[in-house]
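Thanks for coming, everyone. Please bring up the sequence and the model, and follow along with me.

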Amino acid sequence: MELDVVGLTAETELLYTTLVGRPRSTATQLAANCGLSVSAVGRLLAALVRDGLAVRSAGRPPLFTAAAPDVAVTALIQDREHRLDAARSLVQRLTETHREARRINSPDIAVELLSDRDDVSAAVRRLYDGSRRQVRAFDRPPYIDRPGSNLEHQVQRQRTGVTHRVIYDRAAVAWPGRLLDDILPSLRSGEQARVRAELPLKLLIADDHTGIIPLSLAPGGHSAAYLVHRSPMLSALEALFEAEWERAAPLTDTPRAAERPGGPDAETRALLALLTSGATDAAIARTQGWSPRTTQRRIHRLMAALGAATRFQAAALAARRGWL
């Protein structure tokens, strides 16, 4: 059977496919062609007409013609897809209710494993949308979405009065498109950011009640995550974040400095952010879309403008000028 996926039985499919090749047939003719009784064919034809798969012409005996398959069967497929979508939504709501009920009735459950990518995405949204005071995060690759795709929603979150503190892994700053399309715009909207050479994991903590640790178990994104509720484990993750925050270097974007004479332009500020993060020449070139020679030339030009002999000194002098 081919059409059973849209709800047609084997007999209904046989009758419909026969009718497609034999338009304007009577029930008796179709019964002979299908090897079915006339009474059975009559019942099946009534169902086909009701479902829009066949039309009946007036007269004695009535003649039946199949509706165009590309229209009629497609309509059945769309109806089945709508039902499946509704069923998936119901399952997701029931799963969330079941998970919350288990947590309330079993408070000793500190960690849950989310093994479905949609569940992981839904949990991340709940943590962001449910936070009231602050969001703390470790940000490191890999990423599911392309840079900039969630920026509008991300900026909107930061305008609700919730403090956002994010520590970026050096690889996150060097990820193509991430600095210009995500990180710097977030800084301008109020995010507090720092950078570390390497972070041990990806982490999101909403207020002090829930955290999530996405796991990359398959290429192309996070297919699983640990959801951590209020517990000593969550307290340990909070302590880890605060310790890394103290060790991390500030990452800022200062558009006001660009307004002053001699202030840095957007590309220079991006270059300074990359240098501060410890990005290599190859990572800077990849992030900015420059050739290796152009990258070296721009770094040397910046160092000369600041009067710096080393990259570290360049970052320090830039900070002294208010560029960082």
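Start with arginine 133. Arginine 133 is partly exposed, at a relative accessible area of 48%. By that I mean the range between buried, under 20% relative accessible area, and exposed, over 50%, with a 1.4 Å probe and protein chains only. Its side chain meets that of aspartate 208 in a salt bridge, 3.0 Å from N to O. A salt bridge here is a side-chain nitrogen of Lys or Arg within 4 Å of a carboxyl oxygen of Asp or Glu. The pair links distant parts of the chain, 75 residues apart. Aspartate 208 sits in the loop between β7 (203-206) and β8 (210-215), and arginine 133 in the loop between α5 (117-130) and β4 (134-139). Helices (H or I, at least four residues) and strands (E, at least two) are DSSP runs, numbered from the N terminus. Aspartate 208 is partly exposed too, because its relative accessibility is 35%.

A word on what you are looking at. This is a predicted model: local features need pLDDT of at least 70, side-chain atom pairs count only at pLDDT 80 or more, and totals for chains, interfaces and linings use all residues. Residues are numbered from 1 along each chain as its sequence is written, and side-chain values use heavy atoms, with hydrogens and water left out.

How many salt bridges does the structure hold? There are 9. Side chains of opposite charge can pair when their charged atoms come close.

Next, glutamate 238 and arginine 136. Their side chains form a salt bridge at 2.6 Å, N to O. Glutamate 238 is in helix α9 (residues 232-247) and arginine 136 is in strand β4, so the bridge ties together parts 102 residues apart in sequence. Both residues are buried.

Now arginine 178 and aspartate 139. Their salt bridge is 2.3 Å, N to O. Arginine 178 belongs to helix α8 (residues 178-188) and aspartate 139 to strand β4, so parts 39 residues apart in sequence are tied together. Arginine 178 counts as buried because its relative accessibility is 10%. Aspartate 139 is buried as well. Bridges that share partners also build a network: Arg136, Arg165, Arg230, Glu238 and Glu242 are joined into one.

On to the nonpolar side. In soluble globular proteins, nonpolar side chains tend to be buried together. A nonpolar core is a set of buried Ala, Val, Leu, Ile, Met, Phe, Trp, Tyr and Cys residues joined through side-chain atoms within 4.5 Å. The largest one has 44 residues. Which of them touch the most other members? They are Tyr168, Val173, Leu179, Ile212, Leu251, Ile284 and Leu306. Helix α11 (residues 266-277) gives the largest share, 6 residues. Take leucine 306: leaving aside neighbours within four places in sequence, it is in contact (heavy atoms within 4.5 Å) with Ala314, Leu317, Ala318, Arg321 and Trp323. Another core lies apart, with 21 residues, including Leu15, Leu36, Leu53 and Ala67.

Now look at helix α2 (residues 27-34). Its buried residues are Ala27, Leu30, Ala31 and Cys34. Why do they sit on the same side of α2? Because they cover an arc of only 105° around the axis, taking the directions from the helix axis to the C-beta atoms. An α-helix has 3.6 residues a turn, so residues three or four places apart point the same way. The face turned away carries the exposed residues Thr28 and Ala32. The buried residues of α2 pack against α1 (10-21), α3 (38-50) and β2 (63-66). Just after α2, glycine 35 takes a positive phi of about 75°.

Two residues other than glycine have positive phi as well. Arginine 24 has phi near 55°, in the loop between α1 and α2. At 56% relative accessibility, arginine 24 is exposed. Aspartate 207 has phi of about 50°, in the loop between β7 and β8. Is aspartate 207 buried or exposed? It is buried, because its relative accessibility is 4%.

Last stop: glutamine 288, in helix α12 (residues 281-288). Glutamine 288 is buried, with a relative accessible area of 14%. Beyond residues up to four places away in sequence, it touches Leu180, Glu267, Ala270 and Leu274. The C-alpha atoms of glutamine 288 and alanine 270 are separated by 8.5 Å, and the two are 18 residues apart along the chain.
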